[in-house]
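Hi,

Here is the structure I promised to pass on. Have a look at it first, and then read my notes below.

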Amino acid sequence: MEEILQDTPQLPIRNRLMIHLMPLTPVLLAFIFIASSAVQVTVNAKRFACPDGNTASHAACCPFFALRDDLQDTLFKHECGEDAHEVLRLTFHDAIVHSPELEAQGKFGGDGADGSMLVFPNVEPNFHANLGISDSVNNLLPFLSRHPVTAGDLIQFAGAVAIGNCPGAPKLEFLTGRPNATKPGPDGLVPEPQDSVDKILARFWDAGRFSPDEVVALLASHSVARADHVDPKLDAAPFDTTPFTFDTQFYLEVLLKGTGFPGGSNNVGEVESPLPLTRGDEVGELRLQSDFALSRDNRTACAWQGLINQQHKMSHAFSKAMSKLAVIGHNRSKLVDCSEAVSRPKAAERSPARYPATKSFADIQQACPMPFPSLTSDHNAVETLIPHCPPDSNGICAS
């Protein structure tokens, strides 16, 4: 090209470049067309035809489409109900059982998110911290026999599908490739509500190098959680006034001044609730000692307060922390991303946080020095009664 240009010295360099490049334009266009076609073929080649008619980015993802539909139709019923709540709890209790500190002492520290709860259903579910978790274990075991997936993958995938049924929740990442557990995890690695903040933060750091802010983010799961065994006299006691919606009410209500207990007092791991009113099936709010302590500790108080009325921030932080939790004990680079098989989550129904009826800023026990969010209140004259089941299409709890 340089020699050709030298043969046309009478023209400016810009004109000479145009003259000599113009004949190449059709060739360049043809090359661009062929290259783009090759890229399209490559993209199409990355989709795998699954036996059930779905297509996937990787063949390893194929079993999860049928599993998703089976979970939704058979177990969850497409609702943010008790079965969804319990499976979400199981994702945490299975994954957190991993301790490099124990391994450094020559002891078995557990393999994290390995499905050991399902592989050894008569061992870990019997540990005190796992009281009541046999319900979700027994619910998932039939799916393990019906679908070609490992126990660890089943638990984490089921949790991702479950949380998507709760309006306002994010779509969680799901990676496949966890091998089946070869032995049950050791006892004593699942945090309990009576544990101190020091012990809880140390346990999370040991298990997966979680920061205090990430611990607070993971507790967004309590916005759709209920307790069956903290108070043995109560069934499905909620942690906030919207237990079927993934929202920031939980973070607000934990900071409210306690006034009583929804059931009996002196239960291990429980402190006074701001909304204890119980009437028939409508169980009052139960407050865990660990939530109370974390919301007021100087290492976590501002992260806690910072999520109030911040739906997007809470959802994003929870999603990131859950992605980290779900691969404890595994090398992320060796797993396959099958997030495409996870159901699209339901849209938020009510994102602005607000004080429950009879409550206001005067009831807040603020521990963070940053300005507190300005919120409205429910204007009922009596304490809020919390529904005991998800609303139907007419917004009514019918069961």
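Let me start with a term: a salt bridge here is a side-chain nitrogen of Lys or Arg within 4 Å of a carboxyl oxygen of Asp or Glu. By that rule, Arg203 and Asp206 are joined through their side chains, with N and O 2.9 Å apart. The two sit three residues apart in helix α10, so about one helical turn separates them. Both Arg203 and Asp206 are buried, where buried means under 20% relative accessible area, exposed over 50%, and partly exposed in between (1.4 Å probe, protein chains only).

Before I go on, some housekeeping. This is a predicted model, so local features need pLDDT of at least 70 and side-chain atom pairs count only at pLDDT 80 or more, while totals for chains, interfaces and linings use all residues. Residues are numbered from 1 along each chain as its sequence is written, and side-chain values use heavy atoms, with hydrogens and water left out. Helices (H or I, at least four residues) and strands (E, at least two) are DSSP runs, numbered from the N terminus.

Back to the charges. The whole structure has twelve salt bridges. One of them pairs Arg146 with Asp70, at 3.0 Å from N to O. It ties together distant parts of the chain, since Arg146 is in helix α8 and Asp70 in helix α4 (residues 63-76), 76 residues apart. Asp70 is buried, at 15% relative accessible area, whereas Arg146 is partly exposed at 45%.

Another bridge joins Arg299 and Asp198, whose closest N and O atoms are 2.7 Å apart. This pair also spans distant parts of the chain: Arg299 lies in the loop between α13 and α14, Asp198 in helix α10, and 101 residues separate them. Arg299 is partly exposed at 39% relative accessibility, and Asp198 is partly exposed at 48%. Asp297 joins Asp198 and Arg299 in a network of salt bridges.

And which charged residue is buried yet has no salt bridge? That is Glu124: the nearest side chain of opposite charge is Arg203, 10 Å away (Lys and Arg count as positive, Asp and Glu as negative; His and the chain ends are not counted). Glu124 is in the loop between α7 (116-119) and α8 (134-146). Leaving out residues up to four places away in sequence, Glu124 touches Val97, Ser116, Met117, Asn130, Pro184 and Gly185, contact meaning heavy atoms within 4.5 Å.

Now the inside. A nonpolar core is a set of buried Ala, Val, Leu, Ile, Met, Phe, Trp, Tyr and Cys residues joined through side-chain atoms within 4.5 Å. The largest one has 91 residues, and Leu140 and Tyr251 touch the most other members. Helix α9 (residues 151-163) gives this core its largest share, nine residues. Beyond four places in sequence, the contacts of Leu140 include Leu71, Leu75, Leu118 and Leu154.

Leu140 also turns up where two helices meet: Asp83, Glu86, Val87 and Leu90 in α5 face Asp135, Ser136, Val137, Asn139 and Leu140 in α8. Helix α5 (residues 82-95) and α8 pack at about 100 degrees, their axes 9 Å apart. Axes are lines fitted to C-alpha atoms, for helices over the stretch in contact, and angles run from 0 to 180 degrees between N-to-C directions. The two helices are therefore roughly perpendicular (65 to 115 degrees; under 35 is roughly parallel, over 145 roughly antiparallel, and the rest oblique).

Cheers
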